[in-house]
Amino acid sequence: MSPALILPAALAALLALAIPVVIHIARRTESRTIDFAALRWLDAAPKPRRSLRIDERLLLASRLLLLALIALWLAAPVLWNAADRRPVVAVAPGADAQTIAAATEAGDRVVWLAPGFPETGGMAPAASGDLVSLIRQLDAELPSGAPVKLVVPATLEGIDAERPKLSRRVEWAVGAEAPGRPIASPAPPALTVRYAPEAEDAVRYFRAAATAWTVAEVDPDFAAEPIDRPVPNGAGHLVWLAAGPVPAPVEAWVRNGGVILTALEARIPVEGETVPVWRGTAGEPLAVAGRLGRGRVIRLTRALEPAAIPQLVEPGFPDALATMLAPRPAPARVAAVDHPPLTGAAPFDQPALDLRPWLALLIALTFAVERWLATRRTRAVAP
């Protein structure tokens, strides 16, 4: 531990120590005149004796100590490297007891990987949805020399795509695989198409995509009709293949949460900026998307024909279309053995231990002693 002062200039307040010393030296000793009959004709003007002695030295010492403590408090004393450097075992909720026992040794500080990093021993907290952020926070709060072991279950939930990068090398203990729950595959989008007579040939690309989404011998969830037919209220995704403004009922359907993919010639308002959601082989945007109320608008940037968009007749078009209409969330589940933290992050500045709260308590005690010495009935005077 290394003591230091944040504001050393405040030690100039120590000059105030001269004040009680001067007062105690300059004070007059108490004297009382007593009349004697034999001395009544002598000079009656008593001359008080001045004493250069320091009276009440204990009171003076308490006052000097009080001023010195106040000056030191103003200088903000701290202790660097005062943090606990014991090995830390951080346990993620869900880790099995056998792995925890194997990773823990006598003298280790065992905490939960949960907000506040509580000590283990009580009820296990609920699993956090942001385990990686807690690992980074633990790395930032611990001193640089403290060894760390992380005990995690075999499968991690709520994980981003990037492995965490820490300022230290940690021991990564993975628990036993628990029986997992089956993950249901997302249902393919239900596709509704409305087309103008001149765009009827383009419908086949979307019919082929809907067929590719379904298993054999099952009819795809696909419905294509001319633009004069209304859009069903239960429609999930609409492809609009017609030039000119989109009818008001269709626009209202989008504002209420629908998703529409429009041809290049169609016109429909978009709120805010658009972002590319489909790119060509050279990185050029083939479709952009934006918000409209609670819904989404996807607009093609080229004519809907293979000469302009070669990807229409390629095997990857069904997947690209499904991703545009119903973007899949980023994967948040990963095997723990494939996700150990990396090293190389810059070490964090460790907070210093602030000594002012303890000094404030000492100042209060010293002040109480000084008041008791100054107000007691019999105040002793030094001989």
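## A buried arginine and its partner

Arg194 counts as buried, at 2% relative accessibility. Buried means under 20% relative accessible area, exposed over 50%, and partly exposed in between (1.4 Å probe, protein chains only). The side chain of Arg194 meets that of Glu225 in a salt bridge, 3.1 Å from N to O. The pair links distant parts of the chain: Arg194 sits in strand E9 (residues 191-195) and Glu225 in strand E10 (residues 222-226), 31 residues apart. Glu225 is partly exposed, with a relative accessible area of 26%.

## Model and conventions

This is a predicted model, where local features need pLDDT of at least 70 and side-chain atom pairs count only at pLDDT 80 or more, while totals for chains, interfaces and linings use all residues. Residues are numbered from 1 along each chain as its sequence is written, and side-chain values use heavy atoms, with hydrogens and water left out. Helices (H or I, at least four residues) and strands (E, at least two) are DSSP runs, numbered from the N terminus.

## Salt bridges

A search of the whole structure finds nine salt bridges. The criterion is a side-chain nitrogen of Lys or Arg within 4 Å of a carboxyl oxygen of Asp or Glu. Side chains of opposite charge can pair when their charged atoms come close.

One of the bridges joins Arg63 and Glu370, with the closest N and O atoms 2.7 Å apart. Arg63 lies in helix H2 and Glu370 in helix H8 (residues 356-375), so the pair ties together parts that are 307 residues apart in sequence. Glu370 is buried, at 4% relative accessibility. Arg63 is partly exposed, at 24% relative accessible area.

Another bridge forms between Arg255 and Glu251, with the closest N and O atoms 3.1 Å apart. Both residues lie in helix H6 (residues 248-255), four residues apart, or about one turn of the helix. Arg255 is partly exposed, with a relative accessible area of 33%. Salt bridges that share partners also build a network, which joins Arg63, Glu370 and Arg371.

## Aromatic pairs

The whole structure holds two aromatic pairs. Rings of Phe, Tyr and Trp (its six-membered ring) pair if their centres lie within 6.5 Å; planes under 30 degrees apart count as stacked, over 60 as edge-to-face and the rest as tilted. Phe206 and Phe317 pair edge-to-face, at 6.1 Å centre to centre and 65° between the planes. Phe206 lies in helix H5 (residues 203-213) and Phe317 in helix H7 (residues 317-325), so this pair ties together parts that are 111 residues apart in sequence.

Trp278 and Phe317 form a tilted pair, at 5.7 Å centre to centre and 45° between the planes. Trp278 lies in strand E15 (residues 271-279) and Phe317 in helix H7, so the parts tied together are 39 residues apart in sequence. Phe206 and Phe317 are both buried. Trp278 is buried too.

## Charges over rings

Arg356 lies over the face of Trp73, 5.9 Å from the ring centre. Arg376 lies over the face of Trp372, at 5.7 Å from the ring centre. The test requires NZ of Lys or CZ of Arg within 6 Å of the ring centre and within 35 degrees of the ring normal.

## Positive phi

Most residues other than glycine have a negative phi. Ala76 has a positive phi, near 55°. Ala76 is found in the loop between helix H2 (57-74) and strand E2 (77-80). Ala76 is buried, with a relative accessible area of 6%.

Phe117 also has a positive phi, near 50°. Its loop runs between strand E4 (109-112) and helix H4 (131-141). Phe117 is buried, at 10% relative accessible area.
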